[in-house]
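Dear colleague,

Please find the structure below, handed over for your own work.

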Amino acid sequence: MTSIIYPTTNFKATEQFFIERGEGVYVFDNKGNKYIEGLAGLWCTSLGYGNRELIDTASEQMSKLAYTHMFGGKTHQVAIDLAEKLTAMLPVEDAKVFFGNSGSDANDTQMKLIHYYFDAIGMPEKRKIIARERSYHGVTIASASLTGLSVNQIGFDLPIDALGVLRTDAPHYYRGAQIGETESDFVSRIVNNLEQLILKEGPDTIAAFIAEPITGASGVIVPPDGYYQKVEDVLNKYNIFFWADEVINGFGRTGQDFGSNTMGIKPDMMTLAKQLSSAYVPISASVIRGDLYEAMVEQSAKMGVFGHGYTYSGHPVACAVALKTLEIYERDNIFERAAQVGEYFQNRLRELEQHPLVGEVRGKGLLAAVELVANKTSRQAFEGGGIGAFAQQACQNNGLIVRAVAGSSIAFCPPLIITKRQIDEMIGKFSKSLNEIL
Ligand code: PLP
């Protein structure tokens, strides 16, 4: 054992998986074994490993200006350029951008922006956030309170009530539908539940509804058609913001540039991280509609300093690498390419629907999950949920890195640069692994 306290790890686990280097869509362990990276690290290394342009950009920026803070209006060109580039590409009206370091801290920032905004416009009671069951929004005290997974909450005494976090249904038809319920009945029922929750709590107390357009860590839930349109109708009726957590969905992952576009959502706020820099350096962005920012500016004499910022907000090296990442996405048509390869990937993965262990295959673009079941007909889950870890290990033994999520689903999220041939390699290794554990 080392002196490290490992994140999201059972401290008793002794198995260690020592990754030494990466190249394209592959990584190599310390014994020289090669693995195809089926999860792009942790849903983030979109441009793969060893990208020379990103490496050079980081090095050049470090030589020029390794660091400056941005408190009190101190600024630098790369942060300004990155924010402008994002504003031009995001489906948030006249987007204004606050930079952070991780998806979790960016979601904390969003909560503070919401509080500050509603205080500024004289509605301090409009503060509560509706989050969904089986969602993942991070692990800080505030973002873990938004997260809807017990593993991130048990034992931490999170101030869920104090923060005003409310919970509504996960839009997962396969697991959430009642017997005989059609997809459209299911959608009507859970959206009605959402509306009843809003009415019970009082619409004037609810600020925002947070959702990953397609969830990631909770099992890649793709809501049925019409779900988001109905949700948006309800939110608009009661003046509640749509806060899209695009930490995984953002930047070409789901078949379009943003998950909000793939799913037909018009967000008021958006959280970004991971593929913003292809994970070469940590950076995140909390994005809000321009008019919300303007309203806060107008009231700033009354409000004083927005007392929130990180040492590394707008870090020059992170901004430079993120800007270069966005330039590469655009220049090399990465999103269009990923959409084409993504379609091929989804089709190939659905060939596994006939496999005796496979209950459901779901996903869009280059994001997917395969749910393993004990009984295909009854959809009965495996007891204890250990099947996911078992399958993940079998894949690893066959040179494929995937991730068990929600106990019994296997998640895929390969680098956006993956080719069709490499998709074939990935699916081949996966089906071999499934047959081995049958
Ligand atoms: N939001 C979503 C949708 C995520 O998937 C994640 C991480 O996986 C986060 C927030 C938290 O990001 P981070 O791990 O960078 O804090």
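In what follows, axes are lines fitted to C-alpha atoms, for helices over the stretch in contact, and angles run from 0 to 180 degrees between N-to-C directions. Two residues are in contact if their C-beta atoms, placed from the backbone, lie within 7 Å. Helices (H or I, at least four residues) and strands (E, at least two) are DSSP runs, numbered from the N terminus. The model is predicted: local features need pLDDT of at least 70 and side-chain atom pairs count only at pLDDT 80 or more, while totals for chains, interfaces and linings use all residues. Residues are numbered from 1 along each chain as its sequence is written.

Seven strands form an open sheet with mixed pairing, in the order 4-10-9-8-7-5-6; strands pair if DSSP finds at least two bridges between them. Strand 4 (96-100) and strand 6 (165-168) stand at the edges with a single partner strand each, so one side of each lacks a neighbour in the sheet. From one strand to the next, the twist averages 20°. Helix 3 (residues 77-89) lies across strand 4 and strand 10 (284-288), and runs at about 125° to strand 4.

Strand 5 (residues 128-132) runs parallel to strand 6, joined by four bridges; Ile129 has Val165 of strand 6 as its bridge partner. Strand 8 (residues 241-245) and strand 9 are also parallel, with three bridges, and Trp243 is partnered with Met269 in strand 9. Strand 9 and strand 10 run antiparallel with four bridges, where Met269 stands opposite Ile288.

In strand 9 (residues 269-272), Met269 and Thr271 point one way and Met270 and Leu272 the other, and all are buried (20 or more other C-beta atoms within 10 Å of their own, all placed from the backbone).

Domains

An automatic or database domain assignment sets the bounds, giving domain 1 (19-50 + 333-437) and domain 2 (55-331). Their centres, taken over C-alpha atoms, are separated by 26 Å. The contact takes 25 residues from domain 1 and 24 residues from domain 2. Helix 13 gives the most to the side of domain 1 that touches domain 2, with five residues.

Yours sincerely

Note on methods
Buried ≥ 20, exposed ≤ 12 C-beta atoms within 10 Å, placed from the backbone.
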